[in-house]
Amino acid sequence: WTVVRNAPGSFSLFGANAWAKQYLFNDQLDAYWKTFVTSTVGSVASIVVASPMDVIKTRIQNRDFNDPRTGGQVIKDLLKQEGPTAFFKGLTPKVLTVAPKLIFSFSIAQYITQRCEAAFK
């Protein structure tokens, strides 16, 4: 379930970052604050998209050792007992704790990449 969570999360991080760069700043990240904004958009999108898979993974890991349910059965039970909003439980604390670290690291990586590209042109 980790791969199932990480693949869409990474896609969302890079995709939303590229979208923000193109549509908010016309592909012109000439100031660090713009890089910070695009990284924020990408980071929050990544966390939101990965949240359902993260909830499923957590439910699987926290179930009783003798519980024979598969991942699919955990999903069915979750939908039946708690509804679709259960896939987003804990989203606010996750955004408030994980997003700043992701925003910081992704902003720095993007900024350094931009500076290196400019230096080697």
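Helix α2 passes helix α4 in a right-handed crossing, meaning that the near helix is turned clockwise from the far one by less than a right angle. The contact of α2 with α4 has 14 nonpolar, 9 polar and 2 charged residues; Ala, Val, Leu, Ile, Met, Phe, Trp, Tyr, Cys and Pro count as nonpolar, Asp, Glu, Lys and Arg as charged, and the others, Gly among them, as polar.

The model is predicted: local features need pLDDT of at least 70, side-chain atom pairs count only at pLDDT 80 or more, and totals for chains, interfaces and linings use all residues. Residues are numbered from 1 along each chain as its sequence is written, and side-chain values use heavy atoms, without hydrogens and water.

The protein chain has 4 helices and 0 strands (DSSP runs, H or I of at least four residues for helices and E of at least two for strands, numbered from the N terminus). The two helix pairs are listed here.

| Pair | Axis distance | Angle |
|---|---|---|
| α1 (residues 2–25) and α2 (residues 32–62) | within 7 Å | roughly 155 degrees |
| α2 and α4 (residues 91–119) | 7 Å | about 135 degrees |

Because of its angle, the α2 and α4 pair is oblique, whereas α1 and α2 are roughly antiparallel (under 35 degrees is roughly parallel, over 145 roughly antiparallel, 65 to 115 roughly perpendicular and the rest oblique). Axes are lines fitted to C-alpha atoms, for helices over the stretch in contact, with angles from 0 to 180 degrees between N-to-C directions.

The C-alpha trace of the protein chain spans about 60 × 25 × 20 Å along its principal axes.
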